[in-house]
Amino acid sequence: MLISEATEDILEDWNTKITQRNIKEAKNLKKEVDVMFQRLDDIESEKNYLILSGYYYLLQNDSLELKMIIERMGNIPELSFYHHFFQGIRAYNLRRYDDALDCYRIAEKYLNKNNPIETAEFYYRVAAVYYQVQETLMSVNLIQKALEVFEKNGKYRNRLGDCRMLLGLNYIDMRQFVEAEDQFHIARDIAQRINDSGLLARINHNLGFMYAEQGLSEAAVRYLSNVLREEDYDYSESYIKTIFLLTREYFKLNQIDAGKEWYEKGIALAHELNNVEYKVKFTLLNALYLDNKDFESTFKSGIAYLQQEKLWLDIEEYAQIFARFYLDCKGYQKAAEYYEIAIEAKNEIKKMEGLK
């Protein structure tokens with residue numbers, strides 16, 4: 001049974017809802033699409049269904065279902081690009097950045113550069129990995145290529161906002177804070193025009209992060225507090241990231257009671273979501289600002305987890321934090337040990353940067 005015009009219309013509608021990150025309507029349409037595709041048995045139908053299902057499960061942050069879609073794609077040679085592309089995205093979401101780059105390199109061999117949207121999406125995804133491994137110029141170059149395409153297509157305004165945000169994050173890494181703020185405010189205008197509250201919340205998070213990076217904790221707290229008023233952030237990975245940053249900035253301001261209140265919310269949410277990474281990170285904050293009697297054993301346990309997960313950026317950050325702590329305590333030998341750990345982490349990051 002071949003795809004009819006009605007079927008194509010439903011798929012196009014589903015694609016639009018997924019693209020617009022309209023989770024509720026995308027979920028409702030999926031039920032209709034699933035029933036429809038049970039009656040179809042041609043390869044073209046299956047290919048379209050698998051591609052859109054992959055993007056849908058990305059929207060839902062459903063790693064298990066995405067994995068099953070990827071496996072099905074592996075049996076269809078025409079979907080080689082998406083098979084490796086989605087593998088790369090899944091690896092990225094699991095913070096396996098070297099694996100993500102490996103997958104993207106293979107996917108690029110099958111990339112149809114006559115499809116501008118597919119190419120722009122690919123560039124954006126690769127740029128996100130290069131941002132994470134601090135290959136800033138490479139990331140910026142790819143984002144600008146993606147922007148050229150998304151700016152010409154009104155259906156992808158939220159993706160345009162994503163590109164502006166990623167560009168802003170790269171500017172933070174380059175310590176070009178004025179340029180970063182400009183990009184975030186362009187993204188904010190886009191989010192307000194398309195009424196995307198989730199995008200707006202992520203922009204406020206990044207503005208908070210930007211001010212935190214400049215040591216402007218009061219400004220950071222204002223923006224991060226705005227994020228937590230958005231219902232779209234409840235019980236998500238982004239939500240727990242924001243709580244973590246807010247907790248840390250309150251502690252930096254020496255507002256211990258406020259910091260402790262958010263710490264308790266954050267550690268409880270980390271346990272509820274079984275998010276091991278943030279269990280560790282909140283525990284490290286607790287050791288640094290609230291209860292440092294088991295400081296060294298807590299840090300050793302935390303750094304062991306981060307090393308196991310190859311979270312080199314976090315290792316570098318926390319090693320420097322704890323080194324400075326020992327410097328303040330005049331524990332120079334311990335400080336030197338932790339600075340050495342930070343250097344080792346930076347070397348691992350450089351190895352990742354070489355994966356081209």
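Okay, ground rules. Residues are numbered from 1 along each chain as its sequence is written, and side-chain values use heavy atoms, with hydrogens and water left out. As the model is predicted, local features need pLDDT of at least 70 and side-chain atom pairs count only at pLDDT 80 or more, while totals for chains, interfaces and linings use all residues.

Let's start inside. A nonpolar core here is a set of buried Ala, Val, Leu, Ile, Met, Phe, Trp, Tyr and Cys residues joined through side-chain atoms within 4.5 Å. Buried means under 20% relative accessible area, exposed is over 50%, and partly exposed is in between, using a 1.4 Å probe and protein chains only. The largest core has 126 residues, and those touching the most other members are Trp14, Tyr82, Phe85, Phe86, Phe122, Phe184 and Phe282. Helix α7 (residues 116-132) gives the most to this core, 11 residues. Helices, by the way, are DSSP runs of H or I with at least four residues, strands are E runs of at least two, and both are numbered from the N terminus. In soluble globular proteins, nonpolar side chains tend to be buried together.

Take Phe184. Beyond its neighbours within four places in sequence, its contacts (heavy atoms within 4.5 Å) include Met165, Gly168, Leu169 and Ile172.

Now helix α9, residues 157-173.

On to charges. A salt bridge is a side-chain nitrogen of Lys or Arg within 4 Å of a carboxyl oxygen of Asp or Glu, and by that rule we count 23. Arg21 pairs with Asp196, with the closest N and O atoms 3.5 Å apart. That pair links distant parts of the chain, 175 residues apart: Arg21 in the loop between α1 and α2, Asp196 in the loop between α10 and α11. Arg21 is partly exposed at 27%, whereas Asp196 is buried at 11%.

Glu121 and Arg159 also meet in a salt bridge, 2.8 Å from N to O. This one ties helix α7 to helix α9 across 38 residues, and both partners are buried.

Then there's Glu261 with Lys265, at 3.6 Å. They sit four residues apart in helix α14, so about one helical turn separates them. Glu261 is partly exposed at 42%, and Lys265 is partly exposed at 38%. Salt bridges that share partners join Arg21, Glu121, Arg125, Arg159, Asp162, Asp196 and Arg202 into one network.

Last stop, Glu277, in helix α15. Is Glu277 buried or exposed? Buried, with a relative accessible area of 10%. Its side chain makes a polar contact with that of Lys281, at 2.9 Å. By polar contact I mean N or O atoms within 3.5 Å, where within protein one must be able to donate a hydrogen and the other to accept it, and residues adjacent in sequence count only if both atoms are side-chain atoms. Arg95 is buried at 19%, and has a positive phi of about 65° although it is not a glycine.
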